[in-house]
Amino acid sequence: MKFKGVLLIAALTLTAVTAGYVIRFSPLFKSDGHSADVLNAAFAEQPVGYINRADSIGVANPDLQHISIQLHPNTTEAPLAAALKGLVADKDLLLTVVAGQDGALGMVTDGAFDDALRSLCRLLPDAKRVYLRWDPDMEVPVQRYSWQYQSPVDYIGAFRHVAKTCRNTKPALQIMWSPAGYPGTEEYWPGGDVVDAIGISVNGPSELAATAFPRDPDLRTSLRRKLIRTRLMNKPVWVFATGNDSLVNALQSDLREAAKELKRDSAWLFQEYAINPPKGRPANAPPLLGVYDPKQTLAGAKAVQAEHLFVDLVNIQTGSFARDFEAIVGRGHQAIVSVEPWRDGKVRKDSSVLQNTILGVYDEEFKSLFYTISKTNLPVYVRFAHEMEIPIHRYSWQSQDPVLYIKAYRHFMELGKGVKNVNKVWGPAGDRGSMEWYPGDDAVDFVSIAIYGLPDKNITDPTKQESFETIFNRKVWRMRWTSKPIFITEFGVKGPEDFQAEWLEKAGAVLAAHGEVVGVSYFNLADNPEVWGDIPPPDWGITQSTFDRFVGALKSGR
């Protein structure tokens, strides 16, 4: 009996300790009585001002008070009322609301925060405009906060739930979607029906900690690029800054200059964009099948319908493009022509290729290219200055100013306007931030992406490659803004033949199931050794039997 009594006391003690721990540390037992529990200094930015496309991209600097609140599922009205007590009644309010625990996106979508959100919205003043800004800086690739660098679909679902819940409680509330404006901003767009305004941040701690992309040379450049990343969404854009009054004053001047530049370039930057299902290939028809196959080991296969050419300026100048193109057409194949505006035989600067294109420096070569293409009735897919968004300098047109790229792309495509069989292909890699360089719906027939198994060039183990489906889903999601059919003009996998065959069979099944993909072209060669340094370049080459297995999966869908 005495032993049993000791066990009972121990069990009760453990239960009490466990309960105390849960009450103290679980987010479900926080914020039940003190304003300090809900006030949050993590997003104490100052408003710089806003621009509005509807006002001819004018700049405004209205007075705006800002408080930041951390919300938990059981947060009650008392601490919220205390936190809001000091508001100036006749002044517009920005209320930044952040979720206070891990796993918040799923909890929000499941309704765990609904009571707390309703309590908060009931307390908000009616006299002036109130912006509710929920879980900002979501796209920055760090995990400083639990909602950052998560699935865009999960974030969007949670954001839309918050917007609906808050608007049902307080219909006049202005919902603000607030990315930092980092590359990849548009991936997290929740839809214009639930967003009244956009907020971007400058000099925020999350972005300062991010290393995925090179830093802009100065804050003015950074601000302009951030604004360009919101060009797809026709909403007023607020700018917020972390820093002192001096920084805010400097950014107000930068904002005015950026607005002038955006207004000047508005014809190239702004269209009305809507996310719609793209027109795909006919039902039950496989994608057009092509190859980049300079050694002609696969091009003679019966299933091949197109061949891929990479063309630089000297290829056009020497006539080698015309000869190669005519050979493809002579084999009865369609052509995919990737135009690389560099390696000029007339010794014009490669470092200025986009500017040279805009100024018409290469017009003679480009007109010659289009004339060659016009001599066949077969469709030709023309891709200009591909993979422009990757933050490296493998090609001289990469990592350039988006407006410069857009102008160059449009100038090039305009030169081929009268050639009936040209299909205009915009060819990003499909990497993060691609849409910053989108040249506009009227200048694009197909969107091209590249899919290679290696996620990083330092990975040499072929089994560490991502699956085709994983890469495909990620990149196609980024391209959804274009509402254009997809042409995968480059894809490949390295490794032992059995590994390649399995990877490609699964790829074929994915492609068969996605009708928005109108064409695919395998890259049957090793990559350029010059860009891989001391690491052997990946060899994407495959055998005829492996290619046949891919074709079988592509046609059968399994």
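**Entry 1: H2 against H4**

I looked up the crossing of H2 and H4 and found H2 passing H4 in a right-handed sense. The model is predicted, and I keep that in mind for every entry. I took the axes next. Helix H2 spans residues 77-84, and its axis comes within 10 Å of that of H4, at a crossing angle of roughly 35 degrees. Then I listed the residues that meet. H2 brings Glu77, Leu80, Ala81 and Leu84. H4 answers with Ala116, Ser119, Leu120, Arg122 and Leu123. I sorted this contact of H2 with H4 by class: six nonpolar residues, one polar and two charged.

**Entry 2: H4 against H5**

I stayed with H4, residues 114-123, and turned to helix H5, residues 152-169. The two pack at about 45 degrees, with 9 Å between their axes. H4 and H5 are therefore oblique to each other. The sense is right-handed as H4 passes H5. On the H4 side I noted Asp114, Leu117, Arg118, Cys121 and Arg122 in the contact. On the H5 side I noted His161, Val162, Thr165, Cys166 and Thr169. The class count for H4 with H5 is four nonpolar, three polar and three charged. Arg122 is a residue I had already written down, in the contact of H4 with H2.

**Entry 3: H13 against H14**

I logged the H13 residues in contact as Asp363, Phe366, Lys367, Leu369 and Phe370. From H14 I logged His411, Phe412 and Leu415. By class I get five nonpolar residues, one polar and two charged for H13 with H14. I checked the handedness as well, and the crossing of H13 and H14 is right-handed.

**Entry 4: the second largest pocket**

I left the helix pairs and went to open space. The second largest pocket has a volume of about 680 Å³. I counted 33 residues in its lining. Which of them lie nearest the centre of this pocket? I found Pro214, Arg215, Asp216, Pro217 and Arg229 there. I then asked which elements give two or more residues to the lining. They are helix H6 (205-209), helix H7 (219-228) and helix H8 (245-264). H7 gives the most, with seven residues. By class I read 13 nonpolar, six polar and 14 charged residues in the lining of the second largest pocket.

I searched the whole structure for cavities. How many of 30 Å³ or more turn up? The search finds two. I followed up the largest cavity, which has a volume of about 100 Å³. Its lining includes Ile51, Asn52, Arg53 and Ile57. Leu227, Thr230, Arg231, Met233, Lys235 and Val237 also line the largest cavity. Sorted by class, the lining of the largest cavity has seven nonpolar, two polar and three charged residues.

Notes: Residues are numbered from 1 along each chain as its sequence is written. This is a predicted model: local features need pLDDT of at least 70, side-chain atom pairs count only at pLDDT 80 or more; totals for chains, interfaces and linings use all residues. Side-chain values use heavy atoms; hydrogens and water are left out. Axes are lines fitted to C-alpha atoms, for helices over the stretch in contact, and angles run from 0 to 180 degrees between N-to-C directions. Helices (H or I, at least four residues) and strands (E, at least two) are DSSP runs, numbered from the N terminus. Angles under 35 degrees count as roughly parallel, over 145 as roughly antiparallel, 65 to 115 as roughly perpendicular and the rest as oblique. A crossing is left-handed if the near helix is turned anticlockwise from the far one by less than a right angle, and right-handed if clockwise. Contact means heavy atoms within 4.5 Å. Ala, Val, Leu, Ile, Met, Phe, Trp, Tyr, Cys and Pro count as nonpolar, Asp, Glu, Lys and Arg as charged, and the others, Gly among them, as polar. On a 1 Å grid over the protein atoms alone, a cavity is a set of points where a 1.4 Å probe fits but cannot get out, and a pocket is an open set with protein on both sides within 12 Å along at least five of seven lines; lining residues have an atom within 4 Å of a point. Grid points are joined across faces, edges and corners, and a volume is the space filled by probe spheres set on the points.
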